[in-house]
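Subject: Handover of a structure and findings

Dear colleague,

Please find below the structure that I am handing over to you. My findings follow it.

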Amino acid sequence: MEDVMNLKKETLQKIDEVIPRYPEKRSAVLPLLHLVQEDQGFVSRDATEWIAEKLGLKPINVWELVRFYPMLRDKPVGKKVVRVCRTLSCALQGSYKTCKTLRDAFDCKLDGNSPDGAVTVEFAECLASCHTAPVVMVDDDLHEHVDEEKAKKIAGEILNGQPKQGGSA
Amino acid sequence: MNDDKKQELITVYVDDREVRVPPGTNMIEAAAKAGIEVPHYCYHPKLSVAGNCRMCMVELGMPEKDRATGKPVLDNEGNQKVMWIPKPAIACATKAMPGIRIKTKSDLARSCQEGVMEFLLVNHPLDCPICDQAGECRLQEFATDYGRGYSRFVEEKNVKPKRTLLGPRVMLDDERCILCSRCVRFCQEIADDDVLGFVDRGSYTTLTCYPGKQLENNYSLNTVDICPVGALTSTDFRFKMRPWFLRETHSICTESSVGVNTVVSSREGKIHRITPRRNDEVNDTWMADSGRELYKQVEAKHRLLKAVVDSFETDNVGGAIREAADLLKGERKIAFVGSGRSSVEEQFLFKKLADQAGARLTALVGRVAEGDGLLISADRNPNVRGALVTGLINELPEAELSDLEDAIDKEEIDTVVAYNEDLSAAGISEQQLAKVTIIYVGTHFNETSARARVVLPASTVFEKNGSFINQQYRLQKFLQAVPGRAEGQDDRRILAGMLAEFGVLVSPEIDDVWAEMSETIETFRDIGFMKIPSTGLLLDPPSHLRDLRYPEGGSLHYEPAKEEASVT
Amino acid sequence: MSAKERRIILKNIDQHGYGNDIDTYLEHGGYEIWKKALQRKPEELREEVKRSGVRGRGGAGFPAGMKWSFLDFKSGKPVYLVCNADESEPGTFKDRQIIYKDPHQLIEGMLISAYAITAKLAFIYIRGEFPDGARILERAIEEARSKNFLGKDILGTGFSCEIHVHRGAGAYICGEETGLIESLEGKRPYPRIKPPYFPAALGLYMCPTIVNNVETLCNVKHIAEMGGEEYAKIGRPGNTGTRIWCVSGHVRKPGYYEFEGGALTLGELIYDICGGLHPGRKLKAVIPGGSSMKILRADERFKGTDREGNNFDFALEDLILDFDGIAVSGSLSGSGGIIVMDDTTDMVDALANVSAFYAHESCGQCTPCREGSLWLKKILHRMSHGQARLEDVDLLKSVADQIPGRTICALGEAAAWPVQSYVAKFRDEFIAKAENQAAGRTNGDGGISDRVQLV
């Protein structure tokens, strides 16, 4: 099964590190889902079953989570995932326009991928940076005060393949 | 003992009605005991409390106590003061404590019930006319009792998967599902087959099986029973019959010695389904899927419907009985092979007949297989204990009739009366069968009936009254659900008819059989058929029967007797 | 930093040269309080927290010391501490500052708390949208472990304690403490019914568990330092200590500000601290404690009698900033997230935005929240998109009234309170929208120019 999964060595190592942290194995399911998704981009059916097996669970126990949490994906998405905060404080500062600008830039439908599948633009609910609204996350990086102009700039950087690291990584 | 138990009860109040219950009883059950129904969907007495449907919200009052002294605070008239909590409470998760009160019909309770009812209906399809659950749908029932009567919802309803086959026997309509999680909890807590779950969230939450898996365990149809709406339906029963046309008869499942209590639903002499009947000492509210199929034996192709004498079918059952009795008279060396599937009454009469005919050997065919630890025990005969109590046998039966084989080989037996048992299936070879004269009484054709000189058609469990003794030594009765298909003869009449040929006059009426049994069998003293409660009667068998090494392992509500350290 | 501010939790945050590494923290006296706490008895520390009167900063404002006092020590089961770092109430972003900029303060606060409640294992449940935050905390934990501030036999005292970071994955419901516990157990984060599942007795793995907010746990460090009685002198009785207020929306200087309880009014915060509104704009409404709290209208007056029996008559600007000060308005200060709206805001659209959030975040477990929140969202979405009906105004209220108090967790209130309060306080605007749309006038924008799309 590990062959089917083809996980990176580091991922497997992290998985083995994280499980013993919990008094009950089942608690490791969310961390494992994060690790597998970071490794493979999404959580496949195989991955769901592999994680279940690893933690002594039934596949449905894992599947229920994959399909509950918006950050977990059961289908492949773009290499870049752009998430625009939709919630009140950001909306008041124009995040709907920000989102439209980004979608137009990549020619993708809401919650959908760009035609080449490289970029996914979607709305997210409150990202807890309301004072710097509107905010956008490009993968793990937070971009603040993303008005139309800044949105175009971010889009340009992604399209040119040199994404600027926005966050404090 | 009863008095002791009574002292443990506490008093609670439901709509000002006083009711005494054990402490910790949940208030839905307490209300039921007071004769008041608290409407609910997710609560099920045999599953964990989920508290998600919110239909059972009630107003909750606690007896007021002085904080310092802990003594009850009284009002001017000397009555205990009650502190009514402004927030409604769910009755299912509210446990009985001394003096606790609930109101199920107050303005707040009504408002909660109506609110939940409206919410449950907003995304529910209005397809009652074509819904299989109609007539036994809690949503329909409570909509009448607590509904607004019109819809204020003008938005588009959620769209979810319809007609999903969850497994071979269960169909799912997600739009009808109210997400009560009873089926999910059943699979986890009772069936130990965790395949169902919820995906997505909020109002879009959807019940599903893990992709590629099926709900196919042998208890899957219980999810259909407990589904309060038409989300889960039985592929077997679906669209066959409106439930309000069905006549319900209490019966006992013959699948094993567990003796699952059942309801047989029929219309105009045709059985449409079997469902479990609650018995908290036996099967709770559950039964295996396989047991529900057994009604099909009534109309099975190989059903015996007519008497047969020397390979000729005859309508003259009386004549056939005479022929059979004649074969037992004279210098015959006879064996009687009885059945663990026969009722207590039949086993009693069969034993009596064996005595009259001077049987050299009586036997029973054992049926032991692996139990499932739940509601199918290792002993697949429903009534071996009946055969023991009636004295038809004195030891536990074997699957193979080796004594009979020996006796036939040694020509110590030349005639066999087989009662609902196929001798060849019990190890008697073709050559051995060829050496003996066979009388067969039974419900279906088989190798034995094919070789019998006389065949007498008998009734299935659904076509007669009777009783079984289950693995707990619980005497349980079953009632006739449909008229017998075999020409007017039920088993007791056949046996009584044969006894009459020996000059022994017994009434085949069940009460009369019981009158004799209660007189002659100590274990049955003072018992009559009518006296057997619908949940059965625990017997006190003699110690030599208690000490036998029964094949059953543990199952729901049954623990086998521990091996006693016999050396002292 | 404004002169009125009193920074205790935020003291070092945003100060020039203050990094989030342990060396910086140690230079600023880090872990000294932990070392001292280890010399004291756990029950003494619990007593200090009780005496401090500190109220939980996550939203409900429940006294933390009292919460701790409910712990079932008699069960003999292990005790767990969980830090709720799921910061998810819209309008709130204070915990983010602490986690990203001063993680060791949180870890020190957690260690003291864990010791006080005799927990040997603690978790930080951090929202999935803080991936860097999780990494920063992981690193901080490693740094603390390397100095033996946590781990086995801490500083030779015999006390051992582990802290692990556990990431969420985008679910508001995980901010609810029992939903969080279920999530941490690896299940769908369905909040538990209470009774019987109060975390202090039947929490994580059915063991006694304390779930505290990030800011609350940081406060424990300062309570341990100054003693409960000293701490209780900060702020007003019942509103002790400082609070971090998060201001967003239509103000010129949105941000996070820390004040003593009751030190200033809402008006001072908006106009003096946050620079007031943008030129030419007028204040229309304020949400005082995260988007789930009841909205306040700019021209409302709040009358009543306070605990001491004094009559008061407050304008919105006069509301005193602390738990009790905001509560006189009939709303609550919740998580401290203040969202300001000026006169460009279409209130129907704003409510539609808020309702979309709660419908999206309803876990779906219990009926009133699950069905009610989506129904409200659908009505409001329709109203915002040109199909408002006059009867919708009363329908919204009636549907919302069927939710609060009847759900498993407080998400029911969160979904209903905004609807109840917007409709009650801006009823004219809702009616105007329906009438304008019925008459085919514009999109029923109620005459608001520069209307920003909110939904």
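This is a predicted model: local features need pLDDT of at least 70, side-chain atom pairs count only at pLDDT 80 or more; totals for chains, interfaces and linings use all residues.

A polar contact is taken here as a pair of N or O atoms within 3.5 Å; within protein, one must be able to donate a hydrogen and the other to accept it, and residues adjacent in sequence count only if both atoms are side-chain atoms. By that rule, 18 residue pairs are in polar contact across the interface of chain C and chain A, both residues being at pLDDT 80 or more.

Residues are numbered from 1 along each chain as its sequence is written, chains are lettered from A and ligands numbered from 1 in the order in which they are written, and side-chain values use heavy atoms, with hydrogens and water left out.

Interface of chain C and chain A

In this interface, 64 residues of chain C and 42 residues of chain A are in contact, contact meaning heavy atoms within 4.5 Å. The two chains bury about 4200 Å² between them, 59% of it on carbon and sulfur atoms; buried area is the accessible area (1.4 Å probe) that two parts lose on being put together, summed over both. On the side of chain C, the residues that lose the most area to chain A are Ala169(C), Arg188(C) and Tyr205(C), which together account for 15% of what that side buries.

The rule finds 3 salt bridges across the interface of chain C and chain A, a salt bridge being a side-chain nitrogen of Lys or Arg within 4 Å of a carboxyl oxygen of Asp or Glu. Arg135(C) and Asp140(A) form a salt bridge through their side chains, at 3.0 Å from N to O. Helix H14 (residues 347-361) of chain C supplies the largest share of the side of chain C that touches chain A, with 7 residues. Helices (H or I, at least four residues) and strands (E, at least two) are DSSP runs, numbered from the N terminus. By class, that side of chain C has 34 nonpolar, 18 polar and 12 charged residues; Ala, Val, Leu, Ile, Met, Phe, Trp, Tyr, Cys and Pro count as nonpolar, Asp, Glu, Lys and Arg as charged, and the others, Gly among them, as polar.

Interface of chain A and chain B

Here 12 residues of chain A are in contact with 13 residues of chain B. Chain A and chain B bury about 1100 Å² between them, with 58% of it on carbon and sulfur atoms. Within chain A, Ile60(A), Glu64(A) and Arg67(A) lose the most area to chain B, together 45% of what that side buries.

The rule finds 1 salt bridge across the interface of chain A and chain B. Arg67(A) forms a salt bridge with Asp200(B), and the closest N and O atoms are 2.9 Å apart. Helix H4 (45-54) and helix H5 (59-66) of chain A each supply at least two residues of the side that touches chain B, and H5(A) gives the most, with 5 residues. By class, this side of chain A has 5 nonpolar, 2 polar and 5 charged residues.

Local features of chain C

Helix H8 (residues 177-184) of chain C is largely enclosed by the rest of the structure, because 7 of its 8 residues are buried; buried means under 20% relative accessible area, exposed over 50% and partly exposed in between (1.4 Å probe, protein chains only). Among the buried residues of H8(C) are Leu180(C), Ile181(C) and Glu182(C). The buried residues of H8(C) pack against helix H3 (29-40) of chain A, as well as against elements of chain C that include strand S1 (79-85) and helix H9 (199-202). Gly186(C), which follows H8(C), has a positive phi, near 90°.

Thr344(C) lies in the loop between strand S13 (337-342) and H14 of chain C. Thr344(C) is buried, at a relative accessible area of 11%, and its side chain makes a polar contact with the side chain of Asp342(C) at 2.6 Å.

Yours sincerely
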